[in-house]
Amino acid sequence: MDSKEFRRRGTEMVEYICNYLETLEQRRVTPCVEPGYLRHQLPDEAPEEPEPWDRIMQDVEDKIMPGVTHWQHPRFHAYFPSGNSFPSILGDMLSDGIGCIGFSWAASPACTELETIVLDWLGKAIGLPDSFLALKPGSRGGGVIQTSASECVLVTMLAARAQAIKYLKQQHPFVEEGHLLSKLMAYCSKEAHSCVEKAAMISFVKLRILEPDEKCSLRADTLIKAMEEDEQQGLIPFFVSTTLGTTGSCAFDDLAEIGEALQRFPSVWLHVDAAYAGNSFICPELKYLLKGIEYADSFNTNPNKWLLTNFDCSTLWVRDRIRLTSALVVDPLYLKHGYSDSAIDYRHWGVPLSRRFRSLKLWFVLRSYGISGLQAYIRHHIQLAKRFESLVLKDGRFEVCNDVKLGLVCFRLKGTDRINEKLLSSINASGKLHMVPASVNDTYVIRFCATAQNAKLEDIDFAWDVISDFAAEILEKEQADEVSEIVDRRKTHTLAQKRSFFVRMVSDPKIYNPAINKAQTPHRMSTELTSPGHDGTVVTVQSPKTPGSATWISWPLAFLFASADDGTKNDVTLRFRHLDTMMRLSASRRNSATGGSSPSPEAENGITLLKSPKKSPIMLRKRGTSPNPPATNNANNGSNK
């Protein structure tokens with residue numbers, strides 16, 4: 001591609017970017033793809049021959065865009081804003097066009113000096129003390145642009161570690177540095193960003209994560225108590241990371257209280273991470289949130305979050321740049337130059353050697369919008385968040401879970417964490433909105449952040465309508481499931497009652513048969529069992545009729561012995577397993593002496609025992625009472641029906 005084609009293709013690319021940003025609403029916020037989707041659409045190897053530019057751009061639209069999460073989408077409300085603006089894009093284009101690597105002043109003087117000037121501009125606008133500014137007379141501080149807040153935290157922890165080991169080495173000159181390193185302890189809140197934990201892992205130091213108060217704010221008494229406990233255990237506190245505007249809920253540690261308390265520990269480095277919220281301090285009405293900054297040793301914020309500057313652009317200021325650079329200086333001959341002693345070399349301020357000309361885009365943004373324009377942008381986002389907060393508070397189904405100071409609202413449905421997880425999952429799966437969760441006081445909440453540069457009140461209302469609709473659907477389903485569960489429990493309970501009733505009914509018919517209770521003495525039937533003996537004689541056994549000696553079968557079975565009310569006869573064949581006998585019942589009309597209300601067997605009932613497959617036929621018929629009933633007359637107990 002020569003310069004002529006670059007002009008044409010550059011114009012086309014600018015047009016493509018403009019169309020993309022102007023038509024974002026027509027796209028899903030999040031892609032509907034699965035891991036590995038792109039691998040199946042692209043070849044396994046790079047092309048041997050050049051391909052036409054038009055084909056490349058077509059693949060961008062057909063294969064790349066379907067897998068893009070659109071952070072600039074007006075329906076994107078996850079994480080924090082991803083800074084973006086046309087001046088910033090153009091600044092990055094110019095930086096890429098220049099293509100310098102500004103690791104030292106000599107490598108590109110403008111790259112170094114513009115970064116120093118722009119960082120002083122922004123530091124003054126934020127309200128940092130003069131000791132953090134490089135160009136203030138007598139100042140030892142200064143600012144630098146890093147890739148991310150994670151690198152800012154890592155670099156400051158490395159500097160604090162080097163300072164602590166140097167101090168301990170002076171006190172214990174014969175102790176190995178590795179042993180001293182094992183004693184170092186850093187501190188942060190549970191609400192601090194995970195990058196603090198990662199920095200401690202990289203730095204090979206211990207980290208104690210402390211519990212914040214009910215407002216997710218780290219307090220001085222909690223910190224000092226932990227530090228004193230560790231000192232009693234022989235550990236050495238050396239680094240404290242505080243947060244102004246936590247990632248989870250945009251909470252603020254009590255910096256002034258902590259800073260004052262740490263005066264008892266002069267060798268401890270106090271860092272302030274304000275990656276998101278720090279940008280808002282350019283507004284005079286929000287500078288109160290920076291209270292206590294005079295105690296800090298370092299401070300970072302991310303213009304690539306909330307100052308319309310494209311990633312990467314994370315700014316870090318230190319009170320004493322010598323303490324920072326002394327931990328990171330590596331000075332080979334080939335990197336030295338004639339002005340090393342009088343100029344800043346930013347290669348000593350961070351982990352990487354190579355550096356892009358990132359100050360250009362921040363310079364373009366600050367000049368294009370001015371401080372007043374950036375203030376208006378931040379105030380607009382806060383207004384959008386307040387609008388969303390008011391909508392949540394008006395709906396009794398929801399609750400707000402954080403103190404809304406800036407552009408983040410944490411909310412949830414009143415109820416269980418599970419129902420809120422289901423709500424967020426359903427909304428994100430629809431592609432209409434995109435939000436992420438957080439844990440606030442060990443409770444699952446949904447984060448809603450105003451992020452789009454040109455977001456409007458209508459976008460907030462649309463988002464709330466989507467959330468409300470999904471909430472109504474989920475609550476309705478939850479209510480139906482709850483009703484169904486209650487019905488199922490009642491059915492189970494009722495079935496258990498019925499089973500219990502039947503068992504007791506079969507076991508004790510006098511309890512459940514009013515006629516038996518009324519008569520007190522049940523009607524008795526007299527039966528005679530006749531069977532041929534071994535010698536051919538007939539053996540006859542009769543049942544008794546004497547009061548108090550009657551034996552009853554269960555009363556449900558007695559219905560089979562009774563005649564129906566309509567005068568028809570029951571003709572039922574029964575088989576008793578323990579008798580190995582078939583019995584045929586033929587019932588006559590119910591005896592009037594029973595009052596017609598008892599299902600007990602009648603004296604007229606005729607019972608015929610049929611031939612068993614294995615036994616001789618026996619006959620059972622009604623006879624008179626027998627004075628000597630056999631003990632086996634209980635064979636007709638209800639448990640054997």
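Predicted model: local features only at pLDDT ≥ 70, side-chain atom pairs only at ≥ 80, totals over all residues.
A crossing of two helices is called right-handed if the near helix is turned clockwise from the far one by less than a right angle. The protein chain has 17 helices and 17 strands, and 46% of its 641 residues count as buried. Among the contacts in the protein chain with a separation of 6 or more, 69% are accounted for by residues 24 or more positions apart.

**Helices H5 and H7**

- Helix H5, which covers residues 149–171, packs with helix H7, residues 195–203, at an angle of about 45°, and their axes are 9 Å apart.
- The crossing in which H5 passes H7 is right-handed.
- On the H5 side the contact is made by Ser 150, Val 153, Leu 154, Met 157, Leu 158 and Arg 161, while H7 contributes Cys 195, Val 196, Ala 199, Ala 200, Ile 202 and Ser 203.
- Sorted by class, the residues of this contact of H5 with H7 comprise 9 nonpolar, 2 polar and 1 charged.

**Helices H1 and H2**

- The axes of helix H1 (residues 3–22) and helix H2 (residues 53–64) come within 13 Å and cross at roughly 15°.
- Since angles under 35 degrees count as roughly parallel, H1 and H2 are roughly parallel to each other.
- H1 passes H2 in a crossing that is right-handed.
- From H1, the residues Glu 5, Arg 9, Glu 12, Met 13 and Tyr 16 meet Trp 53, Asp 54, Met 57, Val 60 and Glu 61 of H2.
- By class, the contact of H1 with H2 holds 5 nonpolar and 5 charged residues, with no polar ones.

**Cysteines**

- A disulfide is a covalent bond that joins the sulfur atoms of two cysteines, and the structure holds 0 disulfides.
- Cys 111 is in no disulfide, and the nearest cysteine sulfur, which belongs to Cys 100, is 4.3 Å away, whereas a disulfide is counted for sulfur atoms within 2.5 Å.
- Cys 111 counts as buried because its relative accessibility is 2%, and the cut-off for buried is under 20%.
- Cys 313 is likewise in no disulfide, with the sulfur of Cys 152, the nearest from a cysteine, 9.9 Å away.
- With a relative accessible area of 0%, Cys 313 is buried.

Note on methods: Residues numbered from 1 in each chain as written. Heavy atoms only, no water. Axes fitted to C-alpha atoms, helices over the stretch in contact; angles between N-to-C directions. Helix = DSSP H or I, 4+ residues; strand = E, 2+ residues; numbered from the N terminus. Parallel < 35°, antiparallel > 145°, perpendicular 65-115°, else oblique. Contact = heavy atoms within 4.5 Å. Nonpolar A, V, L, I, M, F, W, Y, C, P; charged D, E, K, R; others polar. Buried < 20%, exposed > 50% of the residue type's maximum accessible area, 1.4 Å probe, protein only.
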